[in-house]
Amino acid sequence: MKTTWHSISPELPVSDLSSAIGFFETHMGFITDFQLDDIGYGKVSRDGQSVFLSVAEPPFEPRTCMIYSEDIQASYQEMKNAGLTITSELRTLSVGSTEFSVRVTDGHIFTFFQ
């Protein structure tokens with residue numbers, strides 16, 4: 001029997017848990033679900049989606065997360081207005097999707113697409 005998946009939540013390594021959580025709250029509109037400083041682990045969420053954060057010793061390989069947006073233009077404007085570094089400008093790909101990328105905490109990249 002096949003099961004239904006409702007969401008996939010990435011876990012990102014971060015150098016400082018409080019700083020990473022602050023970044024997601026301040027710049028991206030996430031809320032903190034929990035912050036366990038004693039074990040260096042936390043979770044932030046927005047629009048029903050979650051990102052888990054775990055403290056790791058740098059250097060670590062930055063991760064890329066893909067985020068589907070129902071309104072790519074509005075998402076682009078929101079991230080730009082939040083002062084995030086745009087690493088790939090808004091563009092339409094040959095497969096028909098439109099996307100852009102931003103750098104988030106600890107060098108990770110979030111690519112928004114529609």
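Trainee: Which residues have the most contacts inside the largest nonpolar core?
Mentor: Those are Phe24, Met28, Leu53, Phe100, Val102, Phe110 and Phe112, in a core of 23 residues. A nonpolar core here is a set of buried Ala, Val, Leu, Ile, Met, Phe, Trp, Tyr and Cys residues joined through side-chain atoms within 4.5 Å. Buried means under 20% relative accessible area, exposed means over 50%, and partly exposed is in between, using a 1.4 Å probe and protein chains only.

Trainee: Before I go on, what kind of model is this?
Mentor: It is a predicted model, in which local features need pLDDT of at least 70, side-chain atom pairs count only at pLDDT 80 or more, and totals for chains, interfaces and linings use all residues. Residues are numbered from 1 along each chain as its sequence is written, and side-chain values use heavy atoms, with hydrogens and water left out.

Trainee: Let's look at α2. Which of its residues are buried?
Mentor: Helix α2 covers residues 72–81, and its buried residues are Ile72, Ser75, Tyr76 and Met79. Seen down the helix axis, they fall within an arc of 100 degrees, so they line one face of α2. That arc is taken from the directions from the helix axis to the C-beta atoms.

Trainee: What covers those buried residues?
Mentor: The cover includes α1 (17–28), β3 (41–46), β6 (85–92), β7 (98–103) and β8 (109–113). Helix α2 lies across β6, β7 and β8, running at about 20 degrees to β7. For such angles, axes are lines fitted to C-alpha atoms, for helices over the stretch in contact, and the values run from 0 to 180 degrees between N-to-C directions.

Trainee: What follows α2?
Mentor: Gly83 does, with a positive phi near 85 degrees.

Trainee: OK, on to the strands. What is the order in the open sheet of four strands?
Mentor: The order is β5-β8-β7-β6, with mixed pairing. At the edges stand β5 and β6, each with a single partner strand, so one side of each has no neighbour in the sheet. Two strands pair if DSSP finds at least two bridges between them. Neighbouring strands of this sheet are turned by 15 degrees against each other on average, direction ignored.

Trainee: How do β6 and β7 pair?
Mentor: They pair in the antiparallel sense, over five bridges. For one of the details, Thr92 has Thr98 in β7 as its bridge partner.

Trainee: Switching to charges: how many salt bridges does the structure hold?
Mentor: Four. A salt bridge is a side-chain nitrogen of Lys or Arg within 4 Å of a carboxyl oxygen of Asp or Glu.

Trainee: Which residues are linked in a network of salt bridges?
Mentor: Arg46, Asp47 and Glu78. Arg46 and Glu78 meet at 2.7 Å, N to O, and that pair links distant parts of the chain, with Arg46 in strand β3 and Glu78 in helix α2, 32 residues apart. Arg46 also forms a salt bridge with Asp47, where the closest N and O atoms are 3.1 Å apart.

Trainee: Are those residues buried or exposed?
Mentor: Asp47 is exposed at 67% relative accessibility. Arg46 is partly exposed at 25%, and Glu78 is partly exposed at 31%.

Trainee: Where is Asp47 found, and what is its phi near?
Mentor: Asp47 is found in the loop between β3 and β4. Its phi is near 55 degrees, a positive value in a residue other than glycine.

Trainee: Last one: which peptide bond is cis?
Mentor: The one from Pro58 to Pro59, with omega near 0 degrees. Pro59 is found in the loop between β4 and β5 (64–68).

Key
Helix = DSSP H or I, 4+ residues; strand = E, 2+ residues; numbered from the N terminus. Contact = heavy atoms within 4.5 Å.
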